[in-house]
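I opened a new notebook page for this structure.

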Amino acid sequence: MLSRVPLAVTTSGKPEEALVARAREAARQWNLPLIPRRKKEAIARMLESAADAFIVFEREDVSLWDKEGTFSFTPGMAHLRRLRIQSGERDDAFLRVAELRAGDHVLDCTLGLGQDALVASLVVGPRGRVVALEKSLALYAVVSEGLKAYDYGPDSCCVEALHADAHEYLRSLPSGSFDIVFFDPMFEKPKKSQPAFEMLRRFAEHAPLTAETLEQARRVARRWVVVKGAKYSEDLKKLGLEAEPGSHYTSVIWGRMSP
Ligand SMILES: C[S@@+](CC[C@H](N)C(=O)[O-])C[C@H]1O[C@@H](n2cnc3c(N)ncnc32)[C@H](O)[C@@H]1O
């Protein structure tokens, strides 16, 4: 019998051969075990016996399951933000602080649910580039599979998601290789949030952004290093960043540094 593992891949209960092949290939790439699911076997049962969490391949969806809940990629608020931008609105805080424009190359060091990366991919457009890094394998797996299936349309580039640690990846890059380097680290004090964010919180990397990583980002950025933070947290201040002027009605603040 297999010993219990932290994370594994499986499929829907009655998978077609092509789906099993997709799941097998993904498991190989992610270096995770593929645990076959018996017909009608509930994920809840498999979570008792085989793994703490599963990435489940279904015909239309790839989702992450643990004992407390489930999560699959959805463009969510990013879809609304993209619609607003497409209708000519330019009041998105990320866009404003990063001074994002068509053709930019953006390095998003904290992919998470992929929302900011999706907004950036529309603003930089088909001639631009968005590379997005995620340290948590479980989140990377589900969000990168969701982004692969996302319909970007002709006005957008695709998000290139990578399973990587931001500090290590930045160190490997030549100086001045991206216009914008962006961080949206986990907030210091968790506030109550939607179920997708609760799942994000359980699987995310929580280590705070360090001065050393920020220094690497300054070396790599050509225009701005942008950091999203929380009003109630000291995280931005600790990194020597001043909050940019913004709305009084949001708990989010933004800091930026030139190279
Ligand atoms: C608050 S979320 C980002 C949300 C994202 N901006 C969005 O729009 O959905 C932070 C994410 O960054 C990831 N992360 C934290 N530290 C990281 C690091 N050093 N390298 C790569 N990813 C990291 C976490 O695992 C988490 O998924």
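The entries below follow the order in which I looked things up.

**Entry 1: ground rules.** I am working from a predicted model, in which local features need pLDDT of at least 70, side-chain atom pairs count only at pLDDT 80 or more, and totals for chains, interfaces and linings use all residues. Residues are numbered from 1 along each chain as its sequence is written. I take helices (H or I, at least four residues) and strands (E, at least two) as DSSP runs, numbered from the N terminus.

**Entry 2: the four-stranded sheet.** I looked up the strand order and found S1-S2-S3-S4, an open sheet with mixed pairing. Two strands count as paired if DSSP finds at least two bridges between them. Strand S1 (5-11) and strand S4 (69-72) are the edges, each pairing on one side only. On average, neighbouring strands are turned by 20° against each other, direction ignored. I then checked strand S3 (residues 62-66) and S4, which run antiparallel and are joined by four bridges. Asp66 has Gly69 in S4 as its bridge partner.

**Entry 3: helices on that sheet.** Helix H1 (residues 17-30) packs on the sheet, touching S1 and strand S2 (51-57), and its direction makes about 155° with that of S1. Helix H6 (residues 137-149) also packs on the sheet. H6 touches S1, S2, S3 and S4, and its direction makes about 155° with that of S3. Contact here requires C-beta atoms, placed from the backbone, within 7 Å. Angles run from 0 to 180 degrees between N-to-C directions, and axes are lines fitted to C-alpha atoms, for helices over the stretch in contact.

**Entry 4: the six-stranded sheet.** I read the order of this open sheet as S7-S6-S5-S8-S9-S10, with mixed pairing. The twist from one strand to the next averages 20°. Strand S5 (residues 105-108) pairs with strand S8 (residues 178-183) in the parallel sense, over three bridges. I noted Phe182 in S8 as the bridge partner of Asp108. H5 lies across S5, S6, S7 and S8 and runs at about 170° to S6. Helix H9 (residues 211-220) lies across S5, S8, strand S9 (221-230) and S10, at about 145° to S9.

**Entry 5: H3 against H5.** The axes of helix H3 (residues 76-86) and helix H5 (residues 115-124) come within 8 Å and cross at roughly 20°. That makes H3 roughly parallel to H5, a term for angles under 35 degrees. Residues making the contact include Met77, Arg81 and Ile85 of H3 and Leu118, Leu122 and Val123 of H5. By class, the contact has seven nonpolar, two polar and two charged residues.

Entry 6: Ala, Val, Leu, Ile, Met, Phe, Trp, Tyr, Cys and Pro count as nonpolar, Asp, Glu, Lys and Arg as charged, and the others, Gly among them, as polar.

Technical notes
Angles under 35 degrees count as roughly parallel, over 145 as roughly antiparallel, 65 to 115 as roughly perpendicular and the rest as oblique. Two residues are in contact if their C-beta atoms, placed from the backbone, lie within 7 Å.
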